Amino acid sequence: MAGASMKAIKLRIKSVESTMQITKAMQLVATSKLRRAKERMENSKPYAAISREAIMAAVAQCVDPQVPFVTPREVKNRCYVVIAGERGLAGGYNANVFKAVAAHAEDTPYCVLPLGRKAIDKFQRLGVTLLDDTIGHVEGLSVSRCYRLTQELIEGYKRGDYDELVLVYTSFRSMMSQEVQVEQLLPIQKPENQPPRNVVTIYEPSPEEMLEKAVPDYLAGKLYSAVCDSFASEVSARRNAMDSATKNAGEMISGLRLKYNRARQGAITQEITEIVAGAEQ
Amino acid sequence: MSTFHLQIVTPDRMVFDGEAQKIILRTVNGDVCILPHHIDFAIPLGIGQAYVTDENGETRQAACNSGMLSVSGNEVRVIPVTFEWADEIDLERARRAGEAAEERMKSMDHQDRDYVMAEAKLKRALTRINTKEM
């Protein structure tokens, strides 16, 4: 009887050990990817911040109310650009993004441009219209790819396929915390309570025309930086998840070892008792 | 000589962040030259060569592609899509890209959207080649 349970415990230990090897390996992979991902993220930040500032200054000076990128329309249909991961096992990383989309969308019909395998699968299951279902791999998404995507998104917006363009991604705060961001890309919202500037900026040809030309570039840069930000978040979320999984596995193994030794001891004691009992007869 | 603070930033990196004496850029309205204490100014950029004169008076050449220029106070920001110094340009690659674009243009209608894109590609390639070879 004792022999059978010892064998079972031994098998459990083995299976937990092999799981631990996997989680440990994934943790190491994530750690090594993290450095590059963070570097890429840091490099993409200045552009997003500086171009945003320049665009907002021009938006504030727009007098024409009919600039396509600025004028809000009645929202009949939205488009979400959703950036998620290629794989799971990253804690709540993917689920949090999807939750944010569902919470923001409410009852308005929407279509999605999913980036990352998990996002494609998720929205395909939901039966939402996908603008593109070929980008499963977020890690190496290049700047020029982001430009082409943005161009298509803007064309759709101008055609009136959707009246609002919203970006949902995960922002890297620190190794321990990543936060889902929901940001409206189009129409561009005029900055509120901006201090009035008494300097007059000359826009050539005009603020409106400049926006027409510069907004696509700005959005592409924004998309690229969100992709880098999300990937850094994904990798660090995975690292954390795998780190705690490895720790849990370690604890389980030491618990099982204890149980195994007790069972072994019990079996030996029983055997001795049986031998002694046999000799006494 | 007086200088201004110049930042050149592309989506994937900060190319230049420091003091400069002068910058010449190709905009949608032709070439402009920005000197210190320029009036506040913003304009979209075209595809063309850029010349940056740093605080030591040394001029460097680069191939600059689209985006915008923004001058605010004595802060000059160049926000292009791509920006490559002459010594970073891969001449072989630019030549190949140019030839491929030309090839594509031959088989296309002038009104086509792809034609315009191929034309821009050719222009970028030629700018890179010119920047490198000058």
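Of the 134 residues of chain B, 34% count as buried, where buried requires 20 or more other C-beta atoms within 10 Å of a residue's own, with C-beta atoms placed from the backbone. This is a predicted model, in which local features need pLDDT of at least 70 and side-chain atom pairs count only at pLDDT 80 or more, while totals for chains, interfaces and linings use all residues. Residues are numbered from 1 along each chain as its sequence is written, and chains are lettered from A in the order in which they are written.

Let's stay with chain B for a moment. Its C-alpha trace spans about 50 × 30 × 25 Å along the principal axes. Chain B holds nine strands and two helices, in the sequence order β-β-β-β-β-β-β-β-β-α-α; helices (H or I, at least four residues) and strands (E, at least two) are DSSP runs, numbered from the N terminus. Among the contacts in chain B between residues at least 6 apart in sequence, 54% join residues at least 24 apart. A contact here puts two C-beta atoms, placed from the backbone, within 7 Å.

Now to the meeting of the two chains. Chain A contributes 22 residues and chain B 23. These strands of chain B each supply at least two residues of the side that touches chain A:

| Strand of chain B | Residues |
|---|---|
| S1 | 4–10 |
| S2 | 13–27 |
| S4 | 41–44 |
| S7 | 68–72 |
| S8 | 75–79 |

S4(B) gives the most to this side, with four residues. The side of chain B that touches chain A divides into 12 nonpolar, seven polar and four charged residues. S4(B) also runs parallel to strand S6 (residues 202–203) of chain A, joined to it by two bridges, and A:Ile202 stands opposite B:Phe41. Strands pair if DSSP finds at least two bridges between them.

Within chain A, A:Tyr110 is found in strand S2 (residues 110–115). A:Tyr110 counts as buried because it has 20 C-beta neighbours inside 10 Å. Leaving aside neighbours within four places in sequence, its contacts include A:Cys79, A:Tyr80 and A:Val128.

Helix H4 (residues 143–159) and helix H5 (residues 207–280) of chain A pack with their axes 8 Å apart, at an angle of about 125 degrees.

Key: Buried ≥ 20, exposed ≤ 12 C-beta atoms within 10 Å, placed from the backbone. Nonpolar A, V, L, I, M, F, W, Y, C, P; charged D, E, K, R; others polar. Axes fitted to C-alpha atoms, helices over the stretch in contact; angles between N-to-C directions.
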